[in-house]
Every structure is written in C-alpha cells, then in structure tokens.
Amino acid sequence: MLHLNQVTKRYGALTALDGVSLHVAPGEFFALLGPNGAGKSTLMSLVAGLRPVDGGVLTLDGVAITTADPSTRVALGLVPQHLALYPELNAEQNLRIFGELYGLRGPLLRDRIEEALAAVQLTDRRKDQVKTFSEGMQRRLNLVAALLHRPKFLLCDEPTVGVDPQSRNAIFEYLARLNREGLTIVYSTHYMEEATRLCSRIGIIDHGKILALGTLDELLTKLPFEEEIRFPSVATTTALAAQLSASGELSTFDGTHRFRPRPDCKLSAFYTLTESLGLPARLFTSQRPTLEALFLHLTGRNLRE
Ligand SMILES: Nc1ncnc2c1ncn2[C@@H]1O[C@H](COP(=O)(O)OP(=O)(O)OP(=O)(O)O)[C@@H](O)[C@H]1O
Ligand SMILES: [Mg+2]
C-alpha cells in the first residue's frame, strides 16, 4: 500500500529525514516510534502530500505522492499532531467544514457527521464551542474529522498527547475497531506502550533514520540479552555494580541500576554474587526486555530523555 524508498527531507541545513525506506501493507496498524524531533511529523506530512521531498520516492497504491497531485491526498486521512479545529465553532460546524473540504454534501454529510459524533461520544456536545472542550474531547473530534470521507489509509500523528486515560482508551478502541474493519493505519508516538499495545509492526525512528523495523518479537530479538535485572542504586549496591560491568551492560537512571547480562553470563552466577555480598533478593526485579531497552541499546539514550 504505502512505500517509501530512500526518502530524504531537509529544512535548510537540517536533515529531518535521511534515506527512509519502509512499506506498510494493506490492513496493517503500523507504529512509528521515536523521541521528540525524530522526524515522525515530517514523515507524516510527506505521506500526506503536504510538503515536497528532497530525495527518494513515496507511493500510495503505486501512485507517486507529490504536493501537486491531490489524488493520493484524498485517499488518506491525516490526524495532525497539532489540533486543526476552529475553537470558536461548535463540534458539528467543525465536522461540516472538514466534510465539505472532502466534497461531502447533503444527507450523506449529515449522516457521516452523526456517525462521527457518536463514534467518539460527542453527540450531546455537538452544539458546544470546541474551545469549551477538554483536550481529550478535542483530540477525539480531531480524529473523526480525518475520517469523514472514509479513507482507506489513516495517518495518526501522536493523537493521544495531553489526553486523560479514559479518552486515550476510547481513541485506542476506536482505532482498533477501524483497523479490524480494514483501515490501514500509521500511528506515530513516543510511547512504547502505545506502539506495543496497538500495532502489529513497529519502526523505530531517530534523527531522521529508521533504526529498526519489525514486529515486537522481531525487534526484541535484536537485543543481545533476554532479560534485564533492576536494583536500586544505593551505597550497599555499589560494590555489586562495580563487579557487574564485566559480565554485561550496566546503566543507571533515576536511582535505578539496570543490568543486562551477556548471553554467556548465567543468572545463577549473578545470584550467587549478590548472596556473597549479603544483598537480599527483594532488591532485585527481573524484566522481559522492552522497546525502551532496545531504543537505549540502539541509540545510547532513553526514549523520553
Ligand atoms: N517547518 C520546519 N522548519 C524547520 N525545521 C523543522 C520544521 N519542522 C520540523 N523541523 C525539524 O525537523 C526535525 C524533525 O521534526 P519533526 O517535527 O518531524 O519531529 P517529530 O518526530 O514529529 O517530533 P515530536 O515528537 O516532537 O513531534 C526536528 O529537528 C525539527 O526541529
Ligand atoms: Mg511530531
């Protein structure tokens, strides 16, 4: 469905996307996971045909995406990261404007507006000015505004930023349902929990480059360790930490040591060592690796630094 081949985008001297290649198949729920400034919104804007590329090729269903040709633009919906609503107008008026932009008129437009409001539980707020809405309600409206023309392909750029857990769940469930019904979705986020929970395939992006691409399980096999042991960084664990660096990767954040044993380092040896140092077992928790750990491994940084 969507293909990007060696796509590059520059803003002056800054290279925001650097030779990005990826494909998204019909029906996929694809996550673009990366920290601030990674290039997620830039990628979305290129796919939406809002900005020209500086190099490479993008196609949607085999048709080249360009800023000049609106045909690919109408085949997709874009939920922009920054709310694209008219705060002085009410919910219904906002949807009407978006629907008309996509050429919907008359009873069809009315029906679609009804469905959209109902889908995100805003029917009873339809006559209220959008500026009186909570952030979560505005996000929900922003989402359905992109779907009025029933695109086959949806770009969601961090649609849950600033949203309370309840609205967040409502958005997740709605997107999951649309995906089950056949909508192909590209979803950008800097929350690994969202990428893990929602998406069938994940691309990790940083500094304009795709660093890793695959299902969650495929990505986690790229880590050179199978689990991570965490323990507090306190005076009593200093000696342990000093000894561990020889048998794996040790990093420290927020007062917590994270130890990732090398594959040849036996956990039994680790626990023998902690016992000999007189450290109680309750200090240690062991965890399956996460995308966060993979990001750290690939970049040397935390996803949310
Ligand atoms: N219009 C612009 N003009 C100049 N530089 C830009 C512009 N838009 C983005 N950039 C730069 O391009 C890089 C990628 O930005 P982009 O907005 O695509 O990142 P992002 O992954 O969406 O980040 P965030 O998670 O903060 O939304 C950043 O270094 C940013 O400063
Ligand atoms: Mg962005």
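Which residues are linked in a network of salt bridges? In this predicted model, the network joins Glu-92, Glu-114, Arg-126 and Lys-127.

**Figure 1. Overview of the predicted chain.** The chain carries 11 helices and 14 strands, and its C-alpha trace spans about 80 × 45 × 35 Å along the principal axes. Buried residues account for 48% of the 305 residues, while 33 positive and 33 negative side chains are present, with the centres of the two sets 3 Å apart.

**Figure 2. Helix H5 and its cover.** Of the 11 residues in helix H5 (residues 135-145), 10 are buried, including Met-137, Leu-141 and Val-144. The elements that cover these buried residues include strand S6 (76-79), helix H3 (91-101), helix H4 (106-119), strand S7 (153-157) and helix H6 (165-180).

Figure 3. Arg-139 is buried at 7% relative accessibility, whereas Glu-135, at 35%, is partly exposed.

**Figure 4. A salt bridge between Glu-194 and Arg-168.** The side chains meet at 3.1 Å, N to O; Glu-194 belongs to helix H7 (residues 192-198) and Arg-168 to helix H6, so the pair ties together parts 26 residues apart in sequence. Glu-194 is buried, with a relative accessible area of 2%.

**Figure 5. A salt bridge between Glu-181 and Arg-177.** Here the closest N and O atoms lie 3.5 Å apart; Glu-181 is exposed at 57% relative accessibility, and Arg-177 is partly exposed at 36%.

Definitions and conventions. Residues numbered from 1 in each chain as written. Chains lettered and ligands numbered in written order. Predicted model: local features only at pLDDT ≥ 70, side-chain atom pairs only at ≥ 80, totals over all residues. Heavy atoms only, no water. Helix = DSSP H or I, 4+ residues; strand = E, 2+ residues; numbered from the N terminus. Buried < 20%, exposed > 50% of the residue type's maximum accessible area, 1.4 Å probe, protein only. Lys, Arg positive; Asp, Glu negative; His and termini not counted. Charge placed at Lys NZ, Arg CZ, Asp CG, Glu CD. Contact = heavy atoms within 4.5 Å. Salt bridge = Lys/Arg side-chain N within 4 Å of Asp/Glu carboxyl O.
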